[in-house]
Amino acid sequence: MFKPQEMSKVIIAGTKDYMKAAIDVLYAHDVVHITEFSEESEDFKIGTPYPEATKLSEQAISLRSIANYLNIKGKEDVSTKYTVDSLETTFNEKIERLNFEVSKVIQKISELDSQIKDFTDKNKQLDPIKSFDIPLEMYRGYESIAVFVGLIKGQLSIDNITTDYYLESTPYSRGNVIALFVPKAFETEVFTALQEQNLAAISIPEIEGVPKELISEFDVKVSGLESERETTRADLKKLQQEYIDYILALDEYLLIETQKAEAPLNFATTKNTFIVEGWIPTKRLEQVQGDIDDTTNGQCVLGIDKSEAAAVEKVPIALENPIPTKPYEVFIKAFSLPKFNEIDPTTFMFFWYPFFFGLMLGDIGYGITVVAISAIVRWKIKSRGLRALAGVGIYAGVVSIVFGFIYNEFFGVEVFGERGLLSFIYAYPTIPRFDNVLNLLIVTMVLGIIHLSLGYVVGFKNEYTQHGLKHAVYTKLSWLLILYGGVIAIVIILPQLTRGSGISFSSGLVAGLALAVIGVIFLILGEGVIGIAELPSLLSNVLSYTRLVSIGVASAGIALAVNKLSDALFISKGGFFLILGALMLIAGHAINTALGILDSGLQSLRLHYVEFFTKFYRGGGLKYKPFGFERKYTEEK
Amino acid sequence: MVDPIGAGMIGLAAAIAVGASGIAAAMGEQAIGSAAIGVMAEDEGFFGRGLVMTVIPESIVIFGLVVALILLFVTLPRL
C-alpha cells in the first residue's frame with residue numbers, strides 16, 4: 001500500500017538451443033522487466049534477432065497499410081478471437097489476397113476520383129464563358145485574327161485603337177468576361193490595353209462544342225461517376241466488415257511475433273549461451289522459475305541476483321494499491337514514480353485530495369453534478385486515464401456533497417433553516433461560508449499545518465531508510481521543530497500585537513522560540529547556512545492552504561451572483577421571462593460547475609504537488625514494463 | 001452606523017487587492033503557460049504536469065483574494 005511492488009533481480013541463462021523456448025515462456029507470463037544489455041565485451045555480445053523478424057515486420061507494415069485503407073484504427077471491439085495456430089499457417093497468402101482485393105477497389109476509387117476531378121475542372125474553366133454561344137473550336141485556329149478570352153476590370157475600351165473587332169462581354173465575378181476577336185495587326189496594342197485593365201486570361205479546353213451544352217453534359221457524367229464511386233466505397237466498407245476481425249488479430253499476432261523475434265537484442269550472448277538480466281515481482285518468481293525449468297528441460301535457469309550491486313540499481317516500479325485507492329495512482333504517475341525505497345503517497349492522496357476538493361467546492365448541487373459526470377465518464381469512456389480521473393471525481397463529488405450540507409448550500413442557495421429554501425426542515429448547526437470567513441481561514445491554516453507535518457513525518461521515514469537517523473533529524477525533524485515552534489510563537493505574539501500591548505515574554509513564547517531555534521540549528525547542520533534561505537517558504541506554504549477557503553467563497557459568490565441576477569432580471573418579472581431566467585441559471589451554473597471542478601481539482605492537486613510532496617517526495621522511479629503483451633484479439637492454444 | 005465613505009474605501013481596497021494580484025498572476029502564468037505549450041508540442045504526456053505548473057502563480061491572486069475576503073467579511077462588518 002505504501003510501498004511499490006517488491007521486485008527481485010533475476011538472471012536467466014541457458015543454452016542458445018532453448019533461447020526461443022525461454023522467450024516464449026517469459027513473454028507468456030508478461031511479468032519480467034528486461035534490462036537492456038548494452039556493454040559489449042570480448043566474451044559477451046548483444047544477441048542477434050531471429051531472421052524472421054525482418055519478414056514479420058514487413059508483413060506488419062503491409063497489413064497496416066491495408067488496415068489504413070479500410071479505416072481500421074486498431075482499437076475496435078470484435079467478437080471473434082483467432083487462435084495463434086490458425087493465424088500462423090495462413091497469414092502469408094491471406095495478406096497477399098487482402099492486398100490484391102483492397103488495392104483493386106482503392107485503385108478504382110482513385111481512377112473515379114481523377115475522372116471526376118477532370119470533368120469538374122473543365123466545368124470550372126467553362127463557367128465564365130457559358131453565356132457566350134460560341135463553340136469552343138471557334139476560339140482557335142485563325143491566321144489573321146487574334147483572340148483574347150479573360151476577365152477584365154470595367155468595360156472594354158479599345159475604340160481608340162480600332163473599331164474593327166467582334167466582342168462578347170458579360171459581367172462575371174467583380175468584372176467582365178470578354179471574348180474579343182481583333183485583326184492580328186492590332187494584337188500587341190490591344191494586349192497592352194487589356195493588360196492595363198488587369199486582364200486575367202482564361203484558357204479554353206481543347207475540346208469541341210458549345211460551353212453551355214458541354215457543362216450540362218459533364219454534370220451528368222460527374223453525377224454518374226459519383227454514384228459509381230459511392231458503390232465502390234460501399235464495396236470497401238463490405239471488405240472492412242468482412243476482414244476486420246482477421247486484420248486486428250493478425251496485426252496483434254505480427255506485433256507479438258516481431259517482439260519475440262527481436263527480444264535477443266536485449267540479451268547478452270556468447271557463442272552457445274545467452275544471459276538475460278531483469279526484474280520480476282517477487283510473488284511471481286517461483287511460478288516463472290518453475291515454468292522455465294519445465295519447458296526447457298532444465299537447460300535454462302532463472303536465478304536471483306542478491307548482490308550488493310543489484311540493490312542500488314534502477315529497480316522498475318509497479319505501484320501496488322488496493323482497488324479503492326487505485327484511481328489516485330494517476331496523480332503519482334503524472335508527477336513521477338517513487339523510488340523503490342520511497343513511500344508511495346497514493347494512499348495519502350486518497351484521503352486528502354477529495355477532502356480538499358470538497359472543502360473548496362462544498363455545495364450539494366455541484367457535488368451531485370460532479371458525481372453524475374464522473375459516473376457517466378466511468379460508464380461510457382474506455383480511456384484508462386479518464387476513467388481513473390472519473391474515479392477520483394466520484395470520491396471528490398461525494399465529499400463536496402458532505403461539505404455542501406455543512407455549508408448549507410445547494411447551487412448557491414441556502415437550503416435548511418429559517419432563511420433556507422426548505423425552511424420547514426430543522427437547521428442542524430451549519431457553517432455558512434460567508435459568515436465564517438475568518439474562522440475558516442484559521443481552520444484551513446491548521447489543516448495546512450497538519451498536512452505539512454504529515455509530509456515531514458513521511459519525509460523523516462524516507463530519509464531514515466535511505467540515509468539514516470542523523471540525516472533524517474537534520475533535514476526533516478528540524479523543519480517540524482521550526483514549524484511548531486513558529487506556530488506557538490505566532491499564536492502567542494499575534495493577539496498581543498493586534499491589541500497593541502507590546503510583547504510580553506511568557507514561558508510558552510520562550511518554549512516556542514526555543515523549539516524553532518533548535519530546529520534552525522539542526523537545519524544548518526544538515527543543509528548548511530543556505531538552508532536559512534528556505535525558511536520563509538514554510539510561512540508561504542502554510543498560508544497557501546488558505547486557498548481552500550478563498551476559492552470556495554469565490555465559487556459560492558459566483559453561484560450567489562448567478563441566482564440573484566437571474567432572479568432580479570428575469571424570474572421576478574414572471575411569464576415569458578421565466579424561460580430566460582431558467583436559461584441564465586442553467587448557463588451560469590454550468591460555467592461555475594466547470595470552473596469549480598477545474599479550479600478545485602487543480603488547486604487540490606497543487607497543494608499536494610507543491611506543498612505536500614516537496615516535504616518528502618523525490619520520485620524518479622523507472623516505469624515497470626514487463627516483457628509480454630496482453631492479448632486482445634488472439635488467443636494461445 | 002457605517003461610514004459610507006469608509007465602507008466604499010474598503011470595497012475599493014478589496015477590488016484592488018484582487019485586481020492587481022490577478023494581473024500579477026496572469027503575468028506569471030503567461031510565461032509558464034507558453035513554455036508548457038512548447039514542451040507539449042514535443043511530448044503530449046506533459047499536459048497534466050504543464051497544467052499544474054501553469055497554475056502555480058495562482059497563489060498570488062489567491063493571497064489577493066484572501067486579503068479581499070478579510071476586508072469584506074471581517075473588517076467591514078466590524079466598522
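Which residues are separated by about one helical turn in helix 3 of chain A? They are Arg97(A) and Glu101(A), because the two lie four residues apart in that helix, which covers residues 84–126. The model is predicted.

The side chains of Arg97(A) and Glu101(A) meet in a salt bridge. The N to O distance is 3.5 Å. Arg97(A) is partly exposed, at 46% relative accessible area. Glu101(A) is also classed as partly exposed, with a value of 22%.

The side chain of Asp113(A) meets that of Arg229(A) in a salt bridge, with 2.5 Å from N to O.

Are the two partners buried or partly exposed? Arg229(A) is buried, with a relative accessible area of 16%. Asp113(A) counts as partly exposed, at 30%.

Over all chains, the count comes to 21 salt bridges. One of them joins the side chains of Asp305(A) and Lys9(A), at 3.5 Å from N to O. This pair links distant parts of the chain, 296 residues apart. Lys9(A) sits in strand 1 (residues 7–15) of chain A. Asp305(A) sits in the loop between strand 11 (300–304) and helix 7 (308–312) of chain A.

Both Asp305(A) and Lys9(A) are buried. The pair is part of a network: salt bridges that share partners join Lys9(A), Glu277(A) and Asp305(A).

Asn272(A) is found in the loop between strand 9 (268–269) and strand 10 (273–281) of chain A. Which residues does Asn272(A) touch, not counting those up to four places away in sequence? They are Gly14(A), Thr15(A) and Lys16(A).

Asn272(A) and Thr15(A) are 257 residues apart along the chain. Their C-alpha atoms are separated by 5.8 Å.

## The sheet 6-7-5-8

Four strands of chain A form an open sheet. Their order is 6-7-5-8, and the pairing is antiparallel. Strand 6 and strand 8 (200–201) are the edge strands, and each pairs on one side only.

Strand 6 (residues 166–172) and strand 7 (residues 175–183) of chain A pair over seven bridges. Within this pairing, Pro171(A) stands opposite Asn176(A) in strand 7. The two strands form a hairpin with two residues between them. Ser173(A), in the turn, has a positive phi of about 50°.

Strand 5 (residues 145–152) pairs with strand 8 of chain A over two bridges, in the antiparallel sense. Here Gly150(A) stands opposite Ala201(A) in strand 8.

Phe612(A) is found in helix 17 (residues 577–612) of chain A. Is Phe612(A) buried or exposed? At 0% relative accessibility, Phe612(A) counts as buried, because the class takes values under 20%.

Beyond its neighbours within four places in sequence, Phe612(A) is in contact with Phe348(A), His451(A), Leu454(A), Gly455(A), Tyr545(A) and Leu607(A). For Phe612(A) and Gly486(A), 126 residues apart along the chain, the C-alpha separation is 19 Å.

The size of an interface is often given as the accessible area lost when the parts come together. Chain B and chain A bury about 1,600 Å² between them. Of this area, 77% is on carbon and sulfur atoms. The contact involves 16 residues of chain B and 22 residues of chain A.

How many salt bridges are counted between chain B and chain A? The count is zero. Four residue pairs are in polar contact between chain B and chain A, both residues at pLDDT 80 or more. On the chain B side, helix 2 (47–54) and helix 3 (58–78) of chain B are the elements that give two or more residues. Helix 3 of chain B supplies the largest share, eleven residues. By class, the chain B side has twelve nonpolar, one polar and three charged residues.

Technical notes: Residues numbered from 1 in each chain as written. Chains lettered and ligands numbered in written order. Predicted model: local features only at pLDDT ≥ 70, side-chain atom pairs only at ≥ 80, totals over all residues. Heavy atoms only, no water. Contact = heavy atoms within 4.5 Å. Buried area = accessible area lost by both parts, 1.4 Å probe. Salt bridge = Lys/Arg side-chain N within 4 Å of Asp/Glu carboxyl O. Polar contact = N/O pair within 3.5 Å; in protein donor to acceptor, adjacent residues only side chain to side chain. Nonpolar A, V, L, I, M, F, W, Y, C, P; charged D, E, K, R; others polar. Pairing = 2+ DSSP bridges. Buried < 20%, exposed > 50% of the residue type's maximum accessible area, 1.4 Å probe, protein only.
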